[in-house]
Amino acid sequence: TNYSIKGCARHGQRVFEIMKRTIIFFLMLCGAIIAATAQSVSTPVRISEVEKDQELYGFIRENGTIVVSPKYIHAHDFSEGLAAVKDTNNRWGFINTAGKKVFTLPSNVSEVGDFSEGLCWFRDSKTDKVGFVDRTGKVVIRPQWGFAHDFSDGLAAVGNGRTRSTHWFEIGSLLGYINHKGETVIPLNIRHSNYGSESFSCHRAVIKTDTGMTIIDTKGNELYGGKYRCSEGRFSHMGLCCVAEATNEPCDEDGDNGLPPCKLHWCVIDTTGRVVLDNVKTGSFINGLSVMDLSQESILYLDEENTVSVRDGKFIFIDTTGKNVFGRSFLQANTFSEGLAYVKEMDGTEGYINPTGEMVLRLPEGYTAFYSPSFSHGLVKISKSTKKGKYTYHNEQVIDRNGNTVWETSYQTWFP
């Protein structure tokens, strides 16, 4: 009897081990299938090609699968699983990541934004007013403002005048912030300079005005004593923002209105107003690092053909202590995206570095990623232009993180 009991126990143990290994194998197989499926349905990235002097847009996946061949005259990047596209009939609509049209907006819609918190703004050309639609295309907030920004922290900035498309230069009033019902929850009615930083980030909104700047919280309270005059963008996801205080008030940033030019003292603050870095002017902090331009000069200028060209600067990557983390400078640099940052080394080499500062992806000779340097869903666009007489020949490629080309197109432009 004891032998039978021990035998049964050993048999049961073997069965248990077999079942255990089977379950582990099954789970690993499921994981591999899920990973492969996730890769195959990665968010598509926008591509373009020029056909008969018309630039058309489509979408491609990281693995090179074309989701939509270039056929739209305008297209936005995907946001919350939907991308705005404008067909050859001048109708705006939205497609999903499979490339299928989800809905088409009426012909009187002349502009659209991107989906954020389930809502997207649109412009009615008949009234020249902006409202919001939901993910089905249903108008949930009627058009009634001159402009609106995307929702963030449950709020969207609205006002009169315009801040979008070719009308970005128009100065208007920021009327306030609305909730998802279209109700004004923070009334303001102040003139602003349309810099696009009014959207909330980290529960803070940076509002550039005619005479300076104000920073508010989601209750509409002005923060930090209203002492800061300008900023380098808005608060990053790390809760940091580079701001400046004028040391010679009253003053004017451009030296207009009979006032002297402002002498600015720059620093980096957190959301509580604590100064994290003093006497520093730098960009947004992403993943603990910020790109700082030591030359502090505009890197864009108009050349002899009145086209925008790039001027090299002197850039370093700093951490929240102000340390040059890579111990060297770059002629060009951009913030990290998907673990890689575009740089132009001092010897002119262009490519991408990893978080340790190692160049892991060198661009082919003559190509640059300056005009669209951030990786998106595993892909980035690089370009090369060659001038021959009055013609400029352009080649654009979309490459993956290993430098493999998944899309390529060429076209030429002519200058009289």
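**Figure 1. Histidine 377 in the loop between strands S29 and S30.** In this predicted model, histidine 377 is placed in the loop that runs between strand S29 (359–362) and strand S30 (379–388). The phi angle of histidine 377 is near 55°, a positive value in a residue other than glycine. Most residues other than glycine have a negative phi. With a relative accessible area of 32%, histidine 377 is partly exposed.

**Figure 2. Aspartate 128 in the loop between strands S9 and S10.** Aspartate 128 is found in the loop between strand S9 (120–124) and strand S10 (129–133). Its phi is near 55°, a positive value in a residue that is not glycine. Aspartate 128 counts as partly exposed, at 32% relative accessibility.

**Figure 3. The disulfide between cysteine 251 and cysteine 262.** A disulfide is a covalent bond between the sulfur atoms of two cysteines. The structure has one disulfide, which joins cysteine 251 to cysteine 262 with an S to S distance of 2.1 Å. The two cysteines are 11 residues apart, and both lie in the loop between strand S19 (240–246) and strand S20 (264–270). The torsion about the S-S bond of cysteine 251 and cysteine 262 is about 95°, so this disulfide is right-handed. Cysteine 251 and cysteine 262 are both buried.

Figure 4. Cysteine 241 is buried, with a relative accessible area of 2%. Cysteine 241 takes part in no disulfide: the nearest cysteine sulfur belongs to cysteine 242 and is 7.1 Å away.

Figure 5. Glutamate 249 and proline 250 are joined by a cis peptide bond, for which omega is about -5°. Most peptide bonds are trans. Proline 250 lies in the loop between S19 and S20, and cysteine 251 and cysteine 262 are also placed in the loop between these strands.

**Figure 6. Aromatic pairs, with phenylalanine 370 and tyrosine 371 as an example.** The structure holds 13 aromatic pairs. One of them is formed by phenylalanine 370 and tyrosine 371, whose rings are 5.3 Å apart from centre to centre. Phenylalanine 370 is buried, at a relative accessible area of 18%, whereas tyrosine 371 is exposed, at 55%. Elsewhere, ring pairs link Phe317, Phe326, Phe330 and Phe336 into a cluster.

**Figure 7. Charged side chains over aromatic rings.** Arginine 135 lies over the face of phenylalanine 115, at 6.0 Å from the ring centre. In another such arrangement, the charged end of lysine 388 sits over the ring of tyrosine 393, at 5.8 Å from the centre of that ring.

**Figure 8. The protein that surrounds these views.** The protein has one helix and 32 strands. Of its 416 residues, 44% are buried. Cysteine 120 is buried, with a relative accessible area of 1%. The accessible surface of the protein comes to about 22000 Å², and carbon and sulfur atoms account for 51% of this area. Among contacts between residues at least 6 apart in sequence, 33% join residues at least 24 apart.

Conventions
Residues are numbered from 1 along each chain as its sequence is written. This is a predicted model: local features need pLDDT of at least 70, side-chain atom pairs count only at pLDDT 80 or more; totals for chains, interfaces and linings use all residues. Side-chain values use heavy atoms; hydrogens and water are left out. Rings of Phe, Tyr and Trp (its six-membered ring) pair if their centres lie within 6.5 Å; planes under 30 degrees apart count as stacked, over 60 as edge-to-face and the rest as tilted. Buried means under 20% relative accessible area, exposed over 50%, partly exposed in between (1.4 Å probe, protein chains only). A charge sits over a ring if NZ of Lys or CZ of Arg is within 6 Å of the ring centre and within 35 degrees of the ring normal. A disulfide is a pair of cysteine sulfur atoms within 2.5 Å. Helices (H or I, at least four residues) and strands (E, at least two) are DSSP runs, numbered from the N terminus. Contact means heavy atoms within 4.5 Å. Accessible areas come from the Shrake-Rupley method with a 1.4 Å probe; for residues, only the protein chains shown count as cover.
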